[in-house]
Amino acid sequence: MKLGGKVALVTGGGRGIGRGIALALAKEGAHVAIAEVETLPSAAQQYGDVSVGGYAAARETAREIEALGRKALAVRADVTRWEDTERMVRETVEKLGGLDILVCNAGVVHVARVEEIPEEAWDLLFAVNVKGVFLSCKAALPFLEKSSDPCIINVASVAGKNGTPGLAHYCASKFAVVGFTNALAKEVARRGIRVNAICPGILRTQMWEYLAERFRGKDESKEDAWKRVIAWLVPQGRPQTPEDVGEAAVFLATARAVTGQAINVDGGMEMH
């Protein structure tokens, strides 16, 4: 298998894109730790409530990975806190035997026009989507250096390449992830660590269920809004899936000459 014996850590890996990546890595032989949070400090995100049930989802995904014959670990961790990111990396190394692949996937979204964005929502998006990536990478780098083929995969978004009305704060956070990825890749290239980003397009995850509800037109059902957005934005005419993003993650985990890139998985939405 392409990743036989390697150890991966996926933040936000309990469901959606993170789950798709965790399972894809496991199917290629990796042992996987999944870091999740059970609650968030604010309801200003796609879950609609401070309780997100992430750790319970992480435990379920870990059981799926173990059913594949791999070792798995669910870690309760808030990526906005240095103590938590340091602990999640340490637990991964201690219980799974090292660290070869870090996937920074945890993220939240919120919809509002700029003049209506609560400061709380802006701060939460940057805390999870940007600071969470920074702290996770910072905690992992000393251990990744010990791997024979280490890599970091940050999950950004096509919203990190092209702005969208109503999502200025989300777009700003994802543009930041793309820039951070490129800079870090250059910083650690001579240390043998590859750093790339995946920019997913439109997937019917919990995040996009929230967006479809917020962007649906008057008298339009959420289902019709979903179909309209796909037909309008995606040249392939179909949504992407967590499995599609998982395939890209496996590629980046094995592509030894690829670093500093932000690769779209979006059905042709963006070309840059």
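Which residue of β3 does V32 stand opposite? Select V32 and A72: V32 stands opposite A72 in β3. The model is predicted, with pLDDT of at least 70 needed for local features and 80 or more for side-chain atom pairs, while totals for chains, interfaces and linings use all residues. Residues are numbered from 1 along each chain as its sequence is written, and side-chain values use heavy atoms, leaving out hydrogens and water.

Next, select strand β2 (residues 31–36), which is joined to β3 by five bridges and runs parallel with that strand. Strands pair if DSSP finds at least two bridges between them; helices (H or I, at least four residues) and strands (E, at least two) are DSSP runs numbered from the N terminus.

Now display the open sheet of seven strands, ordered β3-β2-β1-β4-β5-β6-β7 with parallel pairing. At its edges stand β3 (72–76) and β7 (262–265); each has a single partner strand, so one side of each lacks a neighbour in the sheet.

Proceed to helix α5 (residues 168–188), which lies across β5 (151–155), β6 (194–200) and β7 and runs at about 160 degrees to β6. Axes are lines fitted to C-alpha atoms, for helices over the stretch in contact, with angles from 0 to 180 degrees between N-to-C directions. Helix α8 (residues 242–254) also packs on the sheet, touching β4 (101–104), β5, β6 and β7; contact means heavy atoms within 4.5 Å.

Then select α6 (residues 206–215) and α7 (residues 222–233), whose axes come within 9 Å and cross at roughly 100 degrees. The two helices α6 and α7 are therefore roughly perpendicular (65 to 115 degrees). Their contact includes W208 and F215 of α6 and W226 and V229 of α7.

Definitions and conventions
Angles under 35 degrees count as roughly parallel, over 145 as roughly antiparallel, 65 to 115 as roughly perpendicular and the rest as oblique.
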